[in-house]
Amino acid sequence: MAARKLYRIREGKVFTGVCGGIAKHFDVDPKLVRLLFVVCSLAFASGIMAYFIFTIFIPKEPR
């Protein structure tokens, strides 16, 4: 079994592609991942910080 690598998506992204990339990696609906980030951001303010950290450290998917 080949290991899948986590990437930010290039197509279908809303902001930087982080949520779409996480959803693609774990094979879940991107709307669910985006909703979780919004809930974390509103409840704990850690969602915004996590999103920007992911944006910095998760590479864009290759073309």
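1. The covering of helix α1. The buried residues of α1 are covered by elements that include α2 and α3, where contact means heavy atoms within 4.5 Å. Helix α1 spans residues 18-26, and 7 of its 9 residues are buried. These buried residues are V18, C19, G20, G21, I22, A23 and H25. A residue is called buried under 20% relative accessible area, exposed over 50%, and partly exposed in between, using a 1.4 Å probe and protein chains only. Helices (H or I, at least four residues) and strands (E, at least two) are DSSP runs, numbered from the N terminus.

2. Basis of the description. The model is predicted: local features need pLDDT of at least 70 and side-chain atom pairs count only at pLDDT 80 or more, whereas totals for chains, interfaces and linings use all residues. Residues are numbered from 1 along each chain as its sequence is written, and side-chain values use heavy atoms, with hydrogens and water left out.

3. Helix α1 against helix α2. Helix α2 comprises residues 30-44, and α1 packs on α2 at an angle of about 125 degrees with the axes 8 Å apart. That angle makes α1 oblique to α2. Axes are lines fitted to C-alpha atoms, for helices over the stretch in contact, and angles run from 0 to 180 degrees between N-to-C directions. Angles under 35 degrees count as roughly parallel, over 145 as roughly antiparallel, 65 to 115 as roughly perpendicular and the rest as oblique. The crossing of α1 and α2 is right-handed; a crossing has this hand if the near helix is turned clockwise from the far one by less than a right angle, and is left-handed if the turn is anticlockwise.

4. Residues of the α1 and α2 contact. From α1, the residues C19, G20, I22 and A23 meet P30, V33, R34 and F37 of α2. By class, this contact has 6 nonpolar, 1 polar and 1 charged residues. Here Ala, Val, Leu, Ile, Met, Phe, Trp, Tyr, Cys and Pro count as nonpolar, Asp, Glu, Lys and Arg as charged, and the others, Gly among them, as polar.

5. Helix α1 against helix α3. Helix α3 covers residues 46-57. The axes of α1 and α3 come within 10 Å and cross at roughly 75 degrees. The two helices are therefore roughly perpendicular to each other. Their contact is made by V18, C19 and I22 of α1 with Y51, F54 and T55 of α3. These residues divide into 5 nonpolar, 1 polar and no charged.

6. T16, in the segment before α1. T16 lies in the segment before α1 and is buried, with a relative accessible area of 15%. Its side chain makes a polar contact with the side chain of Y51 at 3.0 Å, and another with the side chain of T55 at 3.2 Å. A polar contact is a pair of N or O atoms within 3.5 Å; within protein, one must be able to donate a hydrogen and the other to accept it, and residues adjacent in sequence count only if both atoms are side-chain atoms. Not counting residues up to four places away in sequence, T16 touches R8, I9, Y51 and T55.

7. D27, after α1. D27 follows α1 and is placed in the loop between α1 and α2. Although D27 is not a glycine, its phi is positive, about 55 degrees. Most residues other than glycine have a negative phi. D27 is exposed, with a relative accessible area of 66%.

8. S41, in helix α2. S41 is placed in helix α2. A polar atom of the S41 side chain lies 3.3 Å from the backbone nitrogen of I48. Leaving out residues up to four places away in sequence, S41 touches G47 and I48.

9. Residues up to four places away in sequence aside, I58 touches L6, Y7 and R8. E61 also lies after α3 and counts as buried at 18% relative accessibility. The side chain of E61 makes a polar contact with the side chain of K24 at 3.2 Å. Apart from neighbours within four places in sequence, the residues in contact with E61 are Y7, R8, I9, R10, E11 and K24.
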